Amino acid sequence: MKFFVDTADVAAIRELNELGMVDGVTTNPSIILKAGRDILEVTKEICDIVDGPVSSEVVATTADAMIAEGRKLAAIAPNIAVKLPLTWDGLKACKVLSGEGKMVNVTLCFSANQALLAAKAGATFISPFIGRLDDINMDGLDLIQDIRIIYDNYGFETQILAASIRTVNHVTDVARIGADVMTAPPEVIRKLVSHPLTDAGLATFLKDWEKTGQKIL
Ligand code: E4P
């Protein structure tokens with residue numbers, strides 16, 4: 001499973017990228033607001049750091065305007081994936097932009113039927129939002145499972161990008177189901193390393209090592 005990082009925090013992206021943990025980046029208007037940076041400038045900076053797809057989202061709501069914004073965002077760097085909302089206009093824009101050879105990430109997906117439409121419109125990625133479904137007492141993981149089955153049934157090449165990941169358990173769950181990609185905030189990716197038995201085991205080893213009186217270096 002590929003790891004995308006869901007942030008426009010350049011320092012965090014750089015740190016995780018040096019560890020080989022970043023296969024791509026996702027942003028959205030709320031993330032750009034949080035970063036407090038100009039969208040074109042920060043997106044370019046991210047594209048210079050990361051080789052994989054960097055999703056940048058349009059804010060227009062009509063197909064023609066989405067296409068124009070998408071072309072402008074795609075001109076930032078060859079690894080831009082234009083992020084479009086899952087509306088009819090978004091699907092129209094998806095068809096046009098993917099037809100031009102641009103990567104497209106169709107976002108705000110909350111049903112399997114929406115994911116089916118995005119695949120038929122040529123989306124490179126579909127972004128089902130797990131956490132936001134959990135927030136309203138629905139099961140985001142069921143959605144990932146349904147999309148996996150449907151895409152496999154018909155051989156759609158659209159990649160399932162599990163989004164709105166809030167917990168480390170979400171990461172395990174979507175990997176088990178077979179999502180192609182997951183995108184999570186840097187803090188969730190960092191938490192994946194933690195296990196209390198690792199900490200306790202290391203503490204014991206270090207204490208015992210001290211008692212040997214030996215040194216390696
Ligand atoms: C995905 O592309 C979105 O940017 C993101 O995962 C949304 O997550 P949230 O529901 O935690 O805001």
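The points below go from the overall picture to the details.

1. Please keep in mind that this is a predicted model. The protein has 11 helices and eight strands, and its C-alpha atoms fill a box of roughly 70 × 40 × 30 Å along the principal axes. Of its 217 residues, 36% are buried. Among contacts between residues at least 6 apart in sequence, 54% join residues at least 24 apart.

2. Strand 2 (residues 24-26) runs parallel to strand 3, with two bridges joining them; here Val-25 has Val-54 as its bridge partner. Strand 3 is also joined to strand 4 (residues 80-85), again in parallel, by four bridges, and Glu-57 stands opposite Lys-83 of strand 4.

3. Where do the residues of strand 3 point? Val-54 and Ser-56 point one way, while Ser-55 and Glu-57 point the other way. As a general rule, side chains in a regular strand alternate between the two faces of the sheet. All of these residues in strand 3 are buried.

4. Ile-126 has Ile-160 in strand 7 as its bridge partner. Strand 7 in turn runs parallel to strand 8 (residues 181-184), also through two bridges, and Ala-162 is partnered with Met-182 in strand 8.

5. Leaving aside residues up to four places away in sequence, Cys-94 touches Leu-84, Val-104, Val-106, Ala-118, Ala-121, Gly-122 and Ala-123.

6. Now for the ligand. Which residues surround the ligand? They are Asp-6, Thr-26, Asn-28, Thr-107, Ser-127, Phe-129, Gly-131, Arg-132, Ala-163, Ser-164 and Thr-183. By type, this shell comprises seven polar, two charged and two nonpolar residues.

7. Finally, have a look at helix 11 (residues 196-212). Its 17 residues, at 1.5 Å each, should span 24 Å, and the end C-alpha atoms are 25 Å apart, which agrees. Is helix 11 largely in the open or buried? The number of buried residues among its 17 is zero, so helix 11 lies largely in the open. Just after helix 11 comes Gly-213, with a positive phi of about 70°.

Key:
Residues are numbered from 1 along each chain as its sequence is written. This is a predicted model: local features need pLDDT of at least 70, side-chain atom pairs count only at pLDDT 80 or more; totals for chains, interfaces and linings use all residues. A residue is near a molecule or strand if its C-beta atom, placed from the backbone, lies within 6 Å of it. Ala, Val, Leu, Ile, Met, Phe, Trp, Tyr, Cys and Pro count as nonpolar, Asp, Glu, Lys and Arg as charged, and the others, Gly among them, as polar. The expected span of a helix is 1.5 Å times one less than its number of residues. A residue is buried if 20 or more other C-beta atoms lie within 10 Å of its own, exposed if 12 or fewer, and partly exposed in between; C-beta atoms are placed from the backbone. Two residues are in contact if their C-beta atoms, placed from the backbone, lie within 7 Å. Two strands pair if DSSP finds at least two bridges between them.
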